Amino acid sequence: MVFSTPIFVFGFLPCFLAAYYALPKALRNWLILLASTLFYAWWRADALVVLYAIAGGSYLAGHVASRTISPRTKTWAVRLGVTFNLAVLCWFKYTTFLLGNLNTALGGEVLIVPEIILPIGLSFLAFQSISYVIDVARGDAPAARKLSDFLAFSSLFPQLIAGPVLRYKDLAHQFAHRAPTLSLFSKGLRRFLQGLAMKLLVADSVAPLADRMFALPAPTMAEAWLGAAAYSIQLLFDFAGYSAMAIGLGLMIGFHFPENFNAPYVSRSITEFWRRWHISLSSWLRDYLYVPLGGNRRGKVKTYRNLLLTMVLGGVWHGANWTFVVWGIWHGSLMAIERALGAKHQETVWPRAVAWPLTMAYVMLGWVVFRAETLADAGAMYAGMVGAHGIAMRPELITLTTTTELCFLLIGAAISIGPRLALPSRTLSPGLQSALLSILCFVALQARTNSPFLYFQF
């Protein structure tokens, strides 16, 4: 089930909200668990085994780590809990990739490569579960009082599929004590509608343009840069739209989720970009990978190494493909260079006049390999970006490009860099804005039959 479909907007969500507010507070966590189970089972019921195996294993590891007085037992509880989560993630996400590459190295189909279906949202679930086990062992988070509470947290449907990456320590008290109000519900509804509009009106409108350009075997300079720009807008509005919808849904039932985006396309360095893009993931990588690796405490060379390793592993987290490895190397290398130039102590290390366009060029170049199916496809796009296949856009592609695609590309670009240009973020009252977005989203819902979120694949 997808947030941006009629079955969710007009069926699942109203039924859930009606039941949620009709039930006494003591039963609402159980309803969340039931609704989340139905929501996930809508995709594949058998994937629930994986979902609850991870949640149950992590709960058990956290329970042991919080109750034992033996440091050795606590250490082993953490090791087994983290290893279990990583083992499940690696089996489903990387087995086919690793065996396929081994077959290539061995020169034939030596090893049998099984067909494994990746449960959607597995990467987010694994990272959330790992942070729970570690935080409980450190004493940074309380252990879940009941298995049902932790299952409800792990399967919480507003963020189950594509984040934000939540930490139990931030929501533990909310599962026990939360006070939904009409004001909070209204705020959540507006936020949900904003996210829905970002997805349906902007991301889905520019998606055909991006797909068309990335499908070209030899794009010209104009086509390659147009495709990169379209995908940059599509990805931002798709993922930030999902995050906004998840945050809005949380507010409707009394939860406060952390923000996941903060105008990333106004950044003037890659370091700043990662403070603004997918904030929940970047902070997770910092706290549970970069810092344990040593952070910046062991000299400059090891700091650069830790930055590179963190970003490479962050790239691999997104998918089992060499394109994500290269994307991680690209961002990790740029962050290491910026650190070497003094990024820790100043807003940007690049000349102020070119800091923003240079950063956006770095980001767009990274999105090319992130979007490409293979490294060869990315290479064709990069060749096109430097004019290897010509300069101008070909007439047949001009004909295929619609006014709607270009208009929403420009609208998306204006919104994404609005804070940098000091554009007003709101010109309508909240009520009128919600009414207008409701009408536009309703029309878009009727017009589109399929609207998957990009981050479902990760």
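User: Which residues form a nonpolar patch on the surface?

Analyst: This is a predicted model, in which local features need pLDDT of at least 70, side-chain atom pairs count only at pLDDT 80 or more, and totals for chains, interfaces and linings use all residues. Residues are numbered from 1 along each chain as its sequence is written, and side-chain values use heavy atoms, with hydrogens and water left out. A patch is made of residues with over 30% relative accessible area and no salt bridge, where like charges are joined within 9 Å and nonpolar side chains (Val, Leu, Ile, Met, Phe, Trp, Tyr) within 5 Å; accessible areas come from the Shrake-Rupley method with a 1.4 Å probe, and for residues only the protein chains shown count as cover. Here the nonpolar patch consists of F10, I439, F442 and V443, which together have about 410 Å² of accessible area.

User: Which helix gives the most to the nonpolar patch?

Analyst: Helices (H or I, at least four residues) and strands (E, at least two) are DSSP runs, numbered from the N terminus. Helix α18 (residues 430–447) gives the most, with three residues, and I439 is found in helix α18. With a relative accessible area of 53%, I439 is exposed, given that exposed means over 50%, buried under 20%, and partly exposed in between (1.4 Å probe, protein chains only).

User: How many salt bridges does the count come to?

Analyst: Side chains of opposite charge can pair when their charged atoms come close. A salt bridge is defined as a side-chain nitrogen of Lys or Arg within 4 Å of a carboxyl oxygen of Asp or Glu, and by this rule the count comes to 11. One of them joins D46 and R44, whose closest N and O atoms are 2.7 Å apart; D46 is partly exposed at 44% relative accessibility, and R44 is also partly exposed, at 31%.

User: Which parts of the chain does the pair of R371 and D211 link?

Analyst: R371 forms a salt bridge with D211, the closest N and O atoms being 3.0 Å apart. This pair links distant parts of the chain, since R371 lies in helix α14 (residues 352–371) and D211 in helix α8 (residues 182–214), 160 residues apart. D211 counts as partly exposed, at 37% relative accessibility.

User: How many aromatic pairs does a search of the whole structure find?

Analyst: Rings of Phe, Tyr and Trp (its six-membered ring) pair if their centres lie within 6.5 Å, and planes under 30 degrees apart count as stacked, over 60 as edge-to-face and the rest as tilted. The search finds 44 aromatic pairs. Among them, the rings of F124 and W317 have centres 5.1 Å apart and planes at 80°, so this pair is edge-to-face. F124 lies in helix α5 (residues 122–138) and W317 in helix α12 (residues 300–318), so the pair ties together parts that are 193 residues apart in sequence. Both F124 and W317 are buried.

User: Which charged end sits over the ring of W317?

Analyst: A charge sits over a ring if NZ of Lys or CZ of Arg is within 6 Å of the ring centre and within 35 degrees of the ring normal. The charged end of K93 sits over the ring of W317, 5.4 Å from its centre.
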